[in-house]
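Here is a short briefing to read beside the sequence and the model. It covers the sheet and then the salt bridges.

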Amino acid sequence: DALLAAQKFLLQSRAEAGDADAKWALVPVEWAMTGQRPSARDLDEAVGTYEGRALVRTSGGLAYHWRERFVLALDPIGKDLFAVQGTDDYRFRLVRTNGAVVGLERVWKSGETAAYRRLN
């Protein structure tokens, strides 16, 4: 907990000063400090096909499959927000309507987004 608190302290002051990279890095630190984890039900609700990609349940959580070309593990870093193992350039967010997962959104560090409609 001390390490997370130190990371938060350093990142928060930089983020408040307008450092976009620090603001990006602060999200998973704050999530880790809450001790929360998505429930099995939350993860199961995300499983499905999304315009050329799929989320698949694994023993460790979720995996992102893109057009049968590669598979990336996803790590929860917020409510319906996932970091992508192997890259820090973008994240995925589940889009919900009335509690149901209806889409997947890719969020880049720049703030740009791309939406993928759920197909099943």
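Is Arg-93 buried, partly exposed or exposed? With a relative accessibility of 33%, Arg-93 counts as partly exposed; that class lies between buried (under 20% relative accessible area) and exposed (over 50%), using a 1.4 Å probe and protein chains only.

A word on the ground rules: this is a predicted model, in which local features need pLDDT of at least 70 and side-chain atom pairs count only at pLDDT 80 or more, while totals for chains, interfaces and linings use all residues. Residues are numbered from 1 along each chain as its sequence is written, and side-chain values use heavy atoms, with hydrogens and water left out.

**The sheet**

- Eight strands form an open sheet in the order E1-E2-E3-E4-E5-E6-E7-E8, with antiparallel pairing. Strands here are DSSP runs (E, at least two residues), as are helices (H or I, at least four), and both are numbered from the N terminus; two strands pair if DSSP finds at least two bridges between them.
- At the edges sit strand E1 (48-50) and strand E8 (113-117), each of which pairs on one side only.
- From one strand to the next, the twist averages 30°, with axes taken as lines fitted to C-alpha atoms and angles running from 0 to 180 degrees between N-to-C directions.
- Strand E2 (residues 53-58) and strand E3 (residues 61-66) run antiparallel and are joined by six bridges. Within this pairing, Arg-53 stands opposite Trp-66 in E3.

- The whole structure holds 11 salt bridges, each being a side-chain nitrogen of Lys or Arg within 4 Å of a carboxyl oxygen of Asp or Glu.
- Arg-57 and Asp-44 meet through their side chains at 2.7 Å, N to O. This pair links strand E2 with helix H3 (residues 40-46), its members lying 13 residues apart. Arg-57 is partly exposed at 30% relative accessibility, and Asp-44 is partly exposed too, at 43%.
- Glu-51 forms a salt bridge with Arg-117, their closest N and O atoms being 3.5 Å apart. Glu-51 lies in the loop between E1 and E2 and Arg-117 in strand E8, 66 residues apart. Glu-51 is partly exposed, at 32%.
- Glu-105 pairs with Arg-93 in a salt bridge, with the closest N and O atoms 3.4 Å apart. Here strand E7 (residues 100-108) supplies Glu-105 and strand E6 (residues 90-97) supplies Arg-93, 12 residues apart.

**A salt-bridge network**

- Salt bridges also link Arg-41, Asp-42, Glu-45, Lys-79, Asp-80 and Arg-96 in a network.
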